[in-house]
Amino acid sequence: MTVFERVQKIAKKNKISLLQLNDRAGLGKNAIYKWKTQNPSTENLQKVASVLGVSTDYLLGNTNDPEPSVSSDNLCLLYTSPSPRDTR
């Protein structure tokens, strides 16, 4: 299955047209339709994956699991030191 076919399939499942998806992702006119013959840029693929709620790996066919995975590479830990009022 091609990237275009996967995008089309998941868009249909989410009851969104490719034109609506294209607009929601903020892509240029008919950008997704161009994926029939051209590979999408990483940036555009990420935008579409975000709108659809799937991983870029799913759209690329690297996995059959559409859920975005969380790995330690994708985590950002936030450390905050106690404020002076917390130490009283």
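V7 touches L18, L21, I32, W35, V48, L52 and L59, leaving aside residues up to four places away in sequence, where contact means heavy atoms within 4.5 Å. This is a predicted model, in which local features need pLDDT of at least 70 and side-chain atom pairs count only at pLDDT 80 or more, while totals for chains, interfaces and linings use all residues. Residues are numbered from 1 along each chain as its sequence is written, and side-chain values use heavy atoms, with hydrogens and water left out.

V7 is also among the residues with the most contacts inside the largest nonpolar core, which has 20 residues, the others being L21, I32, W35, V48, L52 and L59. Such a core is a set of buried Ala, Val, Leu, Ile, Met, Phe, Trp, Tyr and Cys residues joined through side-chain atoms within 4.5 Å; buried means under 20% relative accessible area, exposed over 50%, and partly exposed in between, with a 1.4 Å probe and protein chains only. At least two residues of this core come from each of α1 (3-13), α2 (18-24), α3 (31-34), α4 and α5 (56-60), these helices being DSSP runs of H or I with at least four residues, numbered from the N terminus. The largest share, five residues, is supplied by α1.

In α1 the buried residues are V3, F4, R6, V7, I10 and A11. Seen down the axis of α1, they fall within an arc of 165°, so they line one face of the helix, the arc being that of the directions from the helix axis to the C-beta atoms. The covering of these buried residues includes α2, α3, α4 and α5, whereas the face of α1 turned away from its buried side carries the exposed residues K12 and K13. Just after α1, K15 takes a positive phi of about 55°.

Aromatic rings come next. One aromatic pair is found in a search of the whole structure: the rings of F4 and Y33 have their centres 6.1 Å apart and their planes at 45°, so the pair is tilted. Rings of Phe, Tyr and Trp (its six-membered ring) pair if their centres lie within 6.5 Å, and planes under 30 degrees apart count as stacked, over 60 as edge-to-face and the rest as tilted. Because F4 lies in helix α1 and Y33 in helix α3, the pair ties together parts that are 29 residues apart in sequence. F4 is buried, with a relative accessible area of 6%, while Y33, at 34% relative accessibility, counts as partly exposed.
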